Amino acid sequence: MATAGLTGGDFTDADEPLALFGQWLEDATRSEPNDPNAVALASVDADGLPDVRMVLLKDFDRRGFVIYTNFESAKGREILGSMKAAMCFHWKSLRRQVRLRGPVEVVSDEEADSYYQTRPRGSRIGAWASRQSRPLESRFALEKAVAEYTARYPIGEIPRPRHWSGFRLVPETIEFWHDRPFRLHDRIVFSRAGDGWTKTRLYP
Ligand SMILES: Cc1cc2nc3c(=O)[nH]c(=O)nc-3n(C[C@H](O)[C@H](O)[C@H](O)COP(=O)(O)O)c2cc1C
């Protein structure tokens, strides 16, 4: 099976991580059957015990990598407690991995509002109805909550719940990994240095 990415070329020549990430994400939109922006998001609880789950990357730029969630969920409470997180993308068909870690910021209300209003109506209702990560007595209880919020917001704009917003991970490091034969993979890690980045090649 071919191991080269769709872009070809030697990614280890890259001297800047954001353009390379954008290229790999674009490649993934063509290669992955669904959710090319799916990413494992790791956090730690108050005891330092790690936790991880998949989320969807909704934005990225020089400021960082943005995901949206319920701030009262397990992940919400864990990230608000430490203001640190890590992410790991794996695009199986491209045999590529990207890892990021660093401090986390909460996105502005304006940014969260503007993303929330782009979501399908059902998802906006769902953000109100789901008490994410807390015990749910039955599927019926969830459907009842959905019906109640649908009746509360039958038409027009649905306000963003105060407990629903975005986290922006500001990477201190971004590592790119690509499969090579005999487990002799290429790994390049970019570390933030002032306004720029330093690049280091790592043993596989
Ligand atoms: C592909 C995929 C994408 C997901 N995207 C999100 C997301 O963007 N935000 C979110 O809150 N949960 C998302 N989830 C659900 C989370 O994995 C998780 O079940 C939920 O957020 C509760 O996690 P927590 O209890 O650790 O807070 C996604 C799950 C999958 C499998």
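1. Let me start with R183, which is exposed, with a relative accessible area of 59%; exposed means over 50%, buried under 20% and partly exposed in between, with a 1.4 Å probe and protein chains only. R183 sits in the loop between β8 (173-178) and β9 (186-193), where helices (H or I, at least four residues) and strands (E, at least two) are DSSP runs numbered from the N terminus. Its phi is near 60 degrees, a positive value in a residue other than glycine. Most residues other than glycine have a negative phi.

2. A word on the basis: this is a predicted model, in which local features need pLDDT of at least 70 and side-chain atom pairs count only at pLDDT 80 or more, while totals for chains, interfaces and linings use all residues. Residues are numbered from 1 along each chain as its sequence is written, and side-chain values use heavy atoms, with hydrogens and water left out.

3. M83 also has a positive phi, near 55 degrees, and is a residue other than glycine. You will find M83 in the loop between α2 and β5 (84-91). M83 counts as partly exposed, at 28% relative accessibility.

4. Now to the ligand. The residues around it (those with a heavy atom within 4 Å) are D35, R53, M54, V55, L56, Y68, T69, S73, A74, K75, Q132 and S133. By class, this shell has 5 nonpolar, 4 polar and 3 charged residues; Ala, Val, Leu, Ile, Met, Phe, Trp, Tyr, Cys and Pro count as nonpolar, Asp, Glu, Lys and Arg as charged, and the others, Gly among them, as polar. The largest share of the shell, 4 residues, comes from β2.

5. An N or O atom in the side chain of K75 is 2.6 Å from a ligand oxygen atom, and a polar side-chain atom of S133 lies 2.6 Å from an oxygen atom of the ligand. From L56, a backbone N or O atom lies 3.1 Å from an oxygen atom of the ligand. Taken alone the ligand exposes 610 Å², and the protein buries 64% of that, with areas from the Shrake-Rupley method and a 1.4 Å probe; for residues, only the protein chains shown count as cover.

6. Please also check N70 in strand β4, which is buried at a relative accessible area of 4%. A polar atom of its side chain lies 3.3 Å from the backbone oxygen of S130. Leaving aside neighbours within four places in sequence, N70 is in contact (heavy atoms within 4.5 Å) with G76, S130, Q132, R134, H163 and W164.

7. R168, in strand β7 (residues 164-169), counts as buried at 4% relative accessibility. Its side chain makes a polar contact with the side chain of E111, at 2.5 Å. Not counting residues up to four places away in sequence, R168 touches several residues, including R63, F65, P103 and E111.

Key. Polar contact = N/O pair within 3.5 Å; in protein donor to acceptor, adjacent residues only side chain to side chain.
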